[in-house]
Amino acid sequence: MSRFIAILIVALIGLTACEAPTDRLGPDGKPLPRLYRIHARDEAKIQYRMLDSINALRAAAGSNPVSLNANLNAAAATHARDMHVQNRPWHFGSDGSSPLDRVSRSGYQGVMLGENISETYETELETLSAWMEQSDTRDIILDPKATDIGFAWYQEDNGKLWWTLLIGAQTTSIALNQ
């Protein structure tokens with residue numbers, strides 16, 4: 001019995017030496033950023049978190065909510081990967097395609113209204129916040145004619161993310177708004 005108590009005491013002493021990991025601090029005293037790693041199982045969660053955030057911003061601006069569209073998601077994913085291949089964030093594909101071309105190829109039945117892109121190590125919500133700080137990308141997100149979004153990314157092994165957001169509108173809703 002005394003042997004059991006001795007082992008228990010040693011184990012308790014060992015556990016008291018354990019300490020919860022703390023964030024490393026930078027020279028400014030703020031926590032250093034952590035690598036944001038996305039796993040395939042998180043795809044739907046991230047897309048719906050972005051959708052909910054966009055719809056909250058749109059509601060605050062007096063715009064109707066948008067929905068995720070599989071065709072726009074596919075076009076966004078194609079472009080995110082292509083930006084990685086080209087190693088530059090821009091709106092044209094390595095084949096010379098424009099956002100309009102990619103949306104058309106995806107089979108989307110509406111009209112593409114805009115595309116936001118980003119090359120970053122930031123999360124989707126940090127990226128959305130950066131887009132909202134710029135009038136041109138904010139206007140795309142808040143476009144009152146919008147009914148659909150496509151949102152996708154490509155993550156490199158080093159953690160760099162290539163984000164693409166496409167905004168579209170079903171043609172029937174455009175006709176009603178004009």
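This is a predicted model: local features need pLDDT of at least 70, side-chain atom pairs count only at pLDDT 80 or more; totals for chains, interfaces and linings use all residues.

Biologist: How many helices and strands does the protein have?

Modeller: There are seven helices and four strands, taken as DSSP runs (helices H or I, at least four residues; strands E, at least two) numbered from the N terminus. Their order along the sequence is α-α-β-α-α-β-α-α-β-β-α.

Biologist: What share of the residues is buried?

Modeller: Of the 178 residues, 41% are buried, meaning under 20% relative accessible area, with exposed over 50% and partly exposed in between (1.4 Å probe, protein chains only).

Biologist: What does helix 3 pack against?

Modeller: Its buried residues, among them Leu 72, His 79 and Met 83, pack against several elements, including helix 2, helix 4 and strand 2. Contact here means heavy atoms within 4.5 Å. Helix 3 is followed by Asn 87, which has a positive phi near 55°.

Biologist: Changing topic, how many salt bridges are there?

Modeller: The count is six, where a salt bridge is a side-chain nitrogen of Lys or Arg within 4 Å of a carboxyl oxygen of Asp or Glu. One of them joins Glu 124 and Arg 49, at 2.6 Å from N to O. Glu 124 lies in helix 5 and Arg 49 in helix 2, so this pair ties together parts 75 residues apart in sequence.

Biologist: Are those two buried or exposed?

Modeller: Glu 124 is buried, at 1% relative accessible area, whereas Arg 49 is partly exposed at 31%.

Biologist: And which residue does Glu 119 pair with?

Modeller: Glu 119 forms a salt bridge with Lys 160, with the closest N and O atoms 2.8 Å apart. Glu 119 is in strand 2 and Lys 160 in the loop between strand 3 and strand 4, so parts 41 residues apart in sequence are tied together.

Biologist: Where does Glu 156 lie, and what does its side chain join?

Modeller: Glu 156 is in the loop between strand 3 and strand 4. Glu 156 is buried without a salt bridge, and the nearest side chain of opposite charge, Lys 160, is 4.5 Å away; Lys and Arg count as positive and Asp and Glu as negative, while His and the chain ends are not counted. The side chain of Glu 156 does make a polar contact of 2.8 Å with that of Trp 162, a polar contact being a pair of N or O atoms within 3.5 Å, where within protein one must be able to donate a hydrogen and the other to accept it, and residues adjacent in sequence count only if both atoms are side-chain atoms.

Notes
Residues are numbered from 1 along each chain as its sequence is written. Side-chain values use heavy atoms; hydrogens and water are left out.
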